[in-house]
Amino acid sequence: MREKRLIRLVLSAALTVFLTLNCFSMDGFAAKNREILGEGTDFTAILYDSSNGLPTSEANAIAQSSDGFIWLGGYSGFIRYDGTEFHRFDSSSGISSVFSLYVDESDRVWIGTNENGLSYYDHGTIFNYGRAEEMNSYSVRAISEDKEGNILVATTQGMAYVAPDLSLHPINDSRINDQYIDALIRSESGDVFGLTKEGAFFEVNNLSITAYHEPGVFGENAVNCLYPDPDDDSILYMGTTDDEVLVVSMGETLEIVEKVNTGNLSNINCIRKNKDKIWLCATDGIGYLDKDLQFCEVSDIPMTGAVGSMMVDHEGNLWFTSTRQGVMKIVPDRFSDLSKIVQFPSVVVNTTCVVDNLLYVGTDNGLKIIDLSTHEMVENNFTKQLSDIRIRCIMQDSGGNLWVCSHGEHGLICKKKGGSVIEFNARKGIEDPKKMFRTVTETSDGRIIAVTGSNVYVIEDFNITGCYSNDTIGKEPVLCACEGDDGILYFGTDGGGICVVEKNKVSRIEVTDGLTSGVVMRIKKDEDRNLYWIITSNSIQYMKDGVITAVTEFPYSNNYDIFTDDVGGAWVLSSNGIYITKVDQLLENKNIEYTFYNTKSGLPYTPTGNSRNCVSDGILYISGTTGICAVDINKDGITTEDVRLVISSVCIDDKTTVPCNESSITIPAGSKRFRIDAYVITYGLGNPRISYMLEGFDREPIYMTKQELKTISYTNINGGRYTFTINVLDDETGEVVKTASYGIVKETSIYENTWFWIVFMIIGIFIIAFILWNYFRKKNDILIAKQKEDQKFIDEILKTFAKCIDMRDQQNRGHSFRVAYYTRLLADKLAYKRGYSEEQVHEFHNIALLHDIGKLSIPDAILNKKERLDDEEYKIMKTHAQKGEELLKNVKIVKNLAIGAGAHHERIDGKGYPRGLSGDEIPEVARIIAVADTFDAMYSTRPYRKQLELSTVLEEIKRIRGVQLDPEVVDALLELANEGMLNKEKAEAEVEKAPEIVLYEETDSGEDLAKKNEEFLNSLGLKG
């Protein structure tokens, strides 16, 4: 017997080696048995145990109901899983130590316990048969259902059944009454087959044992499990206690037509078919038979032993239970974990490059090479030469030469197409002491551009022919390089924006030119759209026709790289994972829908910061923080068509839970709160976007992802009819893919009746109105009158001062009133965007009236000089801003009155006066007045020139937009012009409304006139 066992082990090992070699010879990502789901994708296996949510580390049985819930049974009890959370029914349910589960045609979950008999779960209700006399044993090992709807129950001592009326009865047959029934299974045609622990096989029809076969009929090894082929009723698979699967033909007699060796797997506990594979669960692990009945063991999974049962869920995912390890699911994953496939070391990957079907991988610990045809690691002299050094970038040029950027003594390495290696270091003219090469690129004329932290080297014919140093391109380190049209070079820097080199002329693109950050990590040319993608430290941007636009609606800021696929998609690699969206939506910068992958949804590794990744034949090879993975970016991702939406129950005031097995539910009047238990059930790696809404209460849908969905609660809703709707949305388009709804009727309380509130309001209004109306009317009238009087007085005083200013400045009569008028127009235009109130707009108008009050301190000879001012005179003239601020700084009755006078000559670029403020340092009102002041200066007639044409004025203002004037305020002015609101006649009408001031009488002598003028100005607190 021992010799026979040894021979069998040797043959088994030989067969295993043969089959393993066959599995490993597959091309592409199917290598090493990765396409086990038959979807043309890789897979991910996830084990659930007590360390990650499952309230136990063992499981005996698994089943799924039509609503999508997965039910688990173990020694710890009865468990429900919704794809997010495991819920264990506590001991008060009467269920413990579950050994078997079965979902019948009525969607009831039947539960076989180890010692307390039979139970079932029906839409929130649990019924226990307990220790019923109709059962010889209370240890239920298997459950099934016959064609008539009877529930067949197998125990350790015979069988029983539950009739359609749910009454329990024994099945009496001397051949099985004392037998340990180990398995019951139903074929696709409705026949039920059973198996005893000793290996006897029997059939059940019309609640009777119609056929019985003794244990030894199938050979010396006992049959441990059985499975009717769902595609062929004449075939039955049997797993033995040894290492064989028997293929049995069921005709008039049972005949073994084939025996299949299962290699390292022995004691086959469960057999199930999914598509073209017959899956085997064994004490030693998991494997399958392919369509030719060739055995393959699945070894690259976390569940390794004591595998007792298997199930395929509604999405095609595979589930396995283990009495020692818990529950494992195997799900499709569009990302292939190359590190796992080739046993790649756990290391930071910085760059990838495919050359001749070899994947070159640059890591923090040297160069690694993967043969993509065999998925084996390749070692050669080149990998040995570059071992244990940090490699940042790898590129193949148009001549077939391989360029490697490293940190350290090797510097920049070039492996020529012929095989020889050149190192560009100090001996080759590299001046950087650290020789930290970041990236390398090739120009259209064949030059190599190599970037270090401080220099950019130009290499031609393997010789350094040029260098852009700090003296040339600035002190900021260069992070990336890109060739533009006509040989222009763009260098993204660490803080200095983009350095542009065009025919040895150096310029910069900075934040003032539209960049959101001076840190530019990636510049990539998009040939299809004739633009450049720019990845900064805080945004995605693009440059087209010299204009830089920020994609402000993109959901994440810390991004590393961007790739476009063949179907208009954009793949954005970030510190958070990978976002997939549409390029058109990025360019439109609105309604950006996206699919997101991270390590919770199938992405094996988070992308490495500022890494270099390559695309070859549509496959994106991603550099990860601890490994490397690949994905076909031109292939559709996992769909959400099979997601199940379930509204399982409504809990009222935290007390009464009503199962939602009807189309609607009624909530009693007076209920304060109800909770809706809604579920989006999917077991794949996706995290679909969803929305829900209580129509009649919520004003708009609430959006989130499946992982974010929690219990949904509503409080104090009025009586009436409502509809709760939950939707699954398409990640890219936002369209509803699947929806579920449920009616809710809230009974009306007496105080919710219309007549009640009408009576109550009439009485209340009458009483309150009678008491308060007269009192508040008088108080309000007095207050309003006083406010109007005060405001009128203030306005008149300010207009009087403005009139004095304009009378003093003979060349700019009416200027103060026109600037105030334009300021009010601009403030009104910006009010919605900036949140200005009506009072604030009026305040800006008043501040603008006195913006030139400082001119009262300027001598007449300078103020009214018709010729050009010399430098000294202009210096004195410029003091009017500071003088104006000093005159008004102690005036408190109008808020910020001094700001307009003191800051209206400041410029956005910081070249204004008196303080040289820039950008947002300049107060908002001063920025608005500056635009109004500039506009009026050009759109008014002066002694030395006529009023300019409106188009000329607007062109000039456009020219100084963002340099001298606030861009947003200039845009508002241009909108006003387009709307025809810049009406000169209306502006002059404001001047005509100014109060009349007579400083002298015509009969006064010259001496009297001067004295009276001085007295008048002194009375206003000013000195002429």
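**Reading the model**

Modeller: Helix H10 (871-877) and helix H12 are among the elements that cover the buried residues of helix H11. Covering rests on contact, meaning heavy atoms within 4.5 Å. Helices are DSSP runs (H or I, at least four residues) and strands likewise (E, at least two), numbered from the N terminus. This is a predicted model: local features need pLDDT of at least 70, side-chain atom pairs count only at pLDDT 80 or more, and totals for chains, interfaces and linings use all residues. Residues are numbered from 1 along each chain as its sequence is written, and side-chain values use heavy atoms, without hydrogens and water.

Biologist: Which residues of helix H11 are buried?

Modeller: Buried means under 20% relative accessible area, exposed over 50%, partly exposed in between (1.4 Å probe, protein chains only). In H11 (residues 880-888) they are His 880, Ala 881, Gly 884 and Leu 888. Down the axis of H11, these buried residues fall within an arc of 100°, so they line one face of the helix. The arc is taken from the directions between the helix axis and the C-beta atoms.

Biologist: Now a loop. Is Ile 922 buried or exposed?

Modeller: Ile 922 is buried, at 1% relative accessible area. It sits in the loop between helix H12 (897-903) and helix H13 (924-938). Beyond its neighbours within four places in sequence, Ile 922 contacts Ala 903, Glu 906, Arg 907, Ile 908, Leu 917 and Arg 927.

Biologist: And where does Ser 76 lie?

Modeller: In the loop between strand S3 (70-74) and strand S4 (77-81). Ser 76 counts as buried, at 18% relative accessibility. Leaving out residues up to four places away in sequence, Ser 76 touches Pro 55, Thr 56, Glu 58 and Arg 88.

Biologist: How do I read the whole chain?

Modeller: The protein chain has 17 helices and 65 strands. Its radius of gyration is 41 Å, well over the 31 Å that the globule rule gives for 1024 residues, so it is more spread out than a compact globule. That radius is taken over C-alpha atoms, and the rule is 2.2 Å times the number of residues to the power 0.38. Along its principal axes, the C-alpha trace spans about 145 × 100 × 40 Å.

Biologist: How much of the chain counts as buried?

Modeller: Of its 1024 residues, 51%.
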